[in-house]
There are 2 protein chains.
Amino acid sequence: MKPLILISNDDGIEAAGVRRLVEWLSPMADIVCVCPDGPRSAQSMAITVNTPLRAERLPDLHGAQMFKVNGTPVDCIKLSMHRLLDRRPDMIVAGINHGSNAAVNVVYSGTMGATMEGCIFGIPSVGFSLCDHDPNADFSHCREWIEKITAATLANGLPEGVCLNVNFPKEPAMPSQMRVVRAARGKWSDEFKEYIDPHGRPFYWLQGRFLNEEPEAKDTDEWCLAHGIVSVVPTMVDRTSPDAPSLRWLRSLS
Amino acid sequence: MKPLILISNDDGIEAAGVRRLVEWLSPMADIVCVCPDGPRSAQSMAITVNTPLRAERLPDLHGAQMFKVNGTPVDCIKLSMHRLLDRRPDMIVAGINHGSNAAVNVVYSGTMGATMEGCIFGIPSVGFSLCDHDPNADFSHCREWIEKITAATLANGLPEGVCLNVNFPKEPAMPSQMRVVRAARGKWSDEFKEYIDPHGRPFYWLQGRFLNEEPEAKDTDEWCLAHGIVSVVPTMVDRTSPDAPSLRWLRSLS
């Protein structure tokens with residue numbers, strides 16, 4: 001029996017990125033693709049608790065079963081695992097995201113939300129993103145790496161609680177390289193554009209510029225991507241900080 | 001000048017939990033309270049990218065400025081930091097959440113989403129949650145701890161990239177205690193209730209039961225809460241796993 005790969009994304013079932021992923025991975029595995037019914041960018045690990053969910057089967061694509069769900073990326077993974085799949089997947093792959101999920105973007109990303117949810121289920125999970133928001137972005141240079149990383153992850157698995165955040169530069173170096181690195185420190189600044197409505201009241205739209213706080217650090221995803229190199233960040237689900245011992249004042253409250 | 005505390009939550013500006021927080025913290029600081037205009041539970045670190053945001057000023061409460069925003073908890077923090085506040089807050093406090101954010105719940109929680117966003121801004125940030133979903137829950141036993149933890153955090157600060165996830169048991173031990181612990185390992189199971197609509201098509205509603213995978217581990221939040229003890233988990237924003245060195249097969253792909 002071929003391995004089973006569950007594919008999802010946050011750009012929605014119609015996005016070019018996920019359709020490439022289905023096409024490229026279907027020779028190596030049985031594929032079930034379960035995606036939001038429209039764009040759900042920046043949904044992080046949000047889940048739908050107050051409204052019902054539906055899954056609608058669509059025509060197969062490259063032999064893969066295709067479903068759309070009226071929920072978030074994490075909803076797609078949960079519903080697949082509990083209701084849609086008839087066996088446990090060997091791997092979960094999310095993407096290819098239209099836009100970078102490097103550095104702090106990992107915390108807001110719906111693509112990485114789906115990937116981390118897969119990791120919570122104990123399944124080797126990888127998120128792929130291309131540093132290009134264009135709906136018609138050229139993903140072709142991602143193909144070789146996606147095939148290699150997926151095949152190697154199927155063969156080797158991942159440590160418990162660890163998933164992979166893979167980002168592709170918009171324009172790869174020649175020949176392209178890949179590095180295992182850490183998320184760069186940085187922040188978004190100037191995050192809202194202000195408008196005035198016809199009644200004189202302000203409203204705001206999220207925008208912003210990412211500021212890399214350590215542009216010289218070669219062991220970071222942002223450095224790789226700025227130099228045409230594919231970045232892979234091993235990403236963990238556990239949030240407990242190892243800094244607890246330094247918080248003596250906190251323990252002394254008790 | 002008194003310190004400035006920014007308060008937010010995910011249950012919405014009308015929730016009893018956040019109104020207690022405003023009441024109890026206003027004697028020790030200037031307070032600006034910026035919350036979603038309705039419930040946004042389980043919104044994690046979702047942000048609103050495709051629609052505009054508005055902030056509406058409401059009548060003051062206990063001397064605090066009150067705003068409602070048509071967005072997520074993280075939107076509330078971002079909009080406050082960039083547009084609503086006239087000085088940088090000394091601390092961000094989220095909650096009091098109606099329901100536990102212990103164990104894996106930290107990744108889905110909008111309350112902890114707001115707290116982690118505060119941490120990304122480099123501000124000492126604490127999320128408070130009570131293990132009781134009742135809209136009319138009794139928060140009174142949380143008061144002493146919230147006052148103590150907030151005052152001590154204002155005085156001591158927190159390490160860079162670390163915030164606090166504080167959970168209160170529904171029924172505290174007598175006398176109540178607090179411990180600095182780690183998030184328990186566990187998962188949700190049986191996560192969807194299935195229904196059939198009048199046209200014979202299935203739909204699903206998220207439910208589930210949390211399974212603590214290490215109920216005997218006394219150094220976990222779940223153990224504390226099961227024994228009437230307040231749990232404090234130092235929680236980090238960085239997601240890079242320290243397990244990279246074990247992934248030799250991954251580096252060998254390059």
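Let's start with chain A, where nine strands form an open sheet in the order 3-4-2-1-5-6-7-13-8, with mixed pairing. Two strands count as paired if DSSP finds at least two bridges between them. Helices (H or I, at least four residues) and strands (E, at least two) are DSSP runs, numbered from the N terminus. Strand 3 (55–61) and strand 8 of chain A stand at the edges with a single partner strand each, so one side of each has no neighbour in the sheet. From one strand to the next, the twist averages 20 degrees.

A quick word on what you are looking at: this is a predicted model, in which local features need pLDDT of at least 70, side-chain atom pairs count only at pLDDT 80 or more, and totals for chains, interfaces and linings use all residues. Residues are numbered from 1 along each chain as its sequence is written, while chains are lettered from A and ligands numbered from 1 in the order in which they are written.

Back to the sheet. Which strand pairs with strand 13 of chain A in the antiparallel sense over six bridges? That is strand 7 (residues 162–168) of chain A.

Now put a helix on it. Helix 2 of chain A packs on the sheet and touches strand 1 (4–8), strand 2 (30–36), strand 3, strand 4 (64–69) and strand 5 (91–98) of chain A. Touching, or contact, is meant in this way: two residues are in contact if their C-beta atoms, placed from the backbone, lie within 7 Å. The direction of helix 2 makes about 135 degrees with that of strand 2 of chain A. For such angles, axes are lines fitted to C-alpha atoms, for helices over the stretch in contact, and angles run from 0 to 180 degrees between N-to-C directions.

The peptide bond from A:Gly95 to A:Ile96 is cis, with omega near -15 degrees, and A:Ile96 sits in strand 5 of chain A. A:Ala42 is not a glycine, yet it has a positive phi of about 60 degrees; look for A:Ala42 in the loop between strand 2 and strand 3 of chain A.

On to chain B. Its open sheet of nine strands has the order 3-4-2-1-5-6-7-13-8, with mixed pairing. Here the edge strands are strand 3 (55–61) and strand 8 (178–180) of chain B, each pairing on one side only. In strand 13 of chain B, B:Val232 stands opposite B:Val166. Chain B has a cis peptide bond from B:Gly95 to B:Ile96, with omega near -10 degrees.

Let's see how helices meet in chain B. Two packed helices are described by the angle between their axes and the distance between the axes. The axes of helix 2 (residues 73–84) and helix 3 (residues 110–120) of chain B come within 7 Å and cross at roughly 30 degrees. Helix 2 and helix 3 of chain B are therefore roughly parallel to each other. The cut-offs are these: angles under 35 degrees count as roughly parallel, over 145 as roughly antiparallel, 65 to 115 as roughly perpendicular and the rest as oblique. Among the residues that meet are B:Cys76 and B:Ile77 in helix 2 and B:Gly113 and B:Ala114 in helix 3 of chain B.

And helix 1 (residues 16–25) of chain B? This one packs against helix 4 (residues 143–156) of chain B at an angle of about 60 degrees, with the axes 10 Å apart. That makes helix 1 of chain B oblique to helix 4 of chain B. The contact includes B:Trp24 of helix 1 and B:Ile146 of helix 4 of chain B.

A rotation of 180 degrees with 0.0 Å of shift along its axis superposes chain A on chain B (RMSD 0.0 Å). The two copies are thus related as by a two-fold rotation axis. The superposition is by least squares on the C-alpha atoms of residues with pLDDT of at least 70 in both copies.
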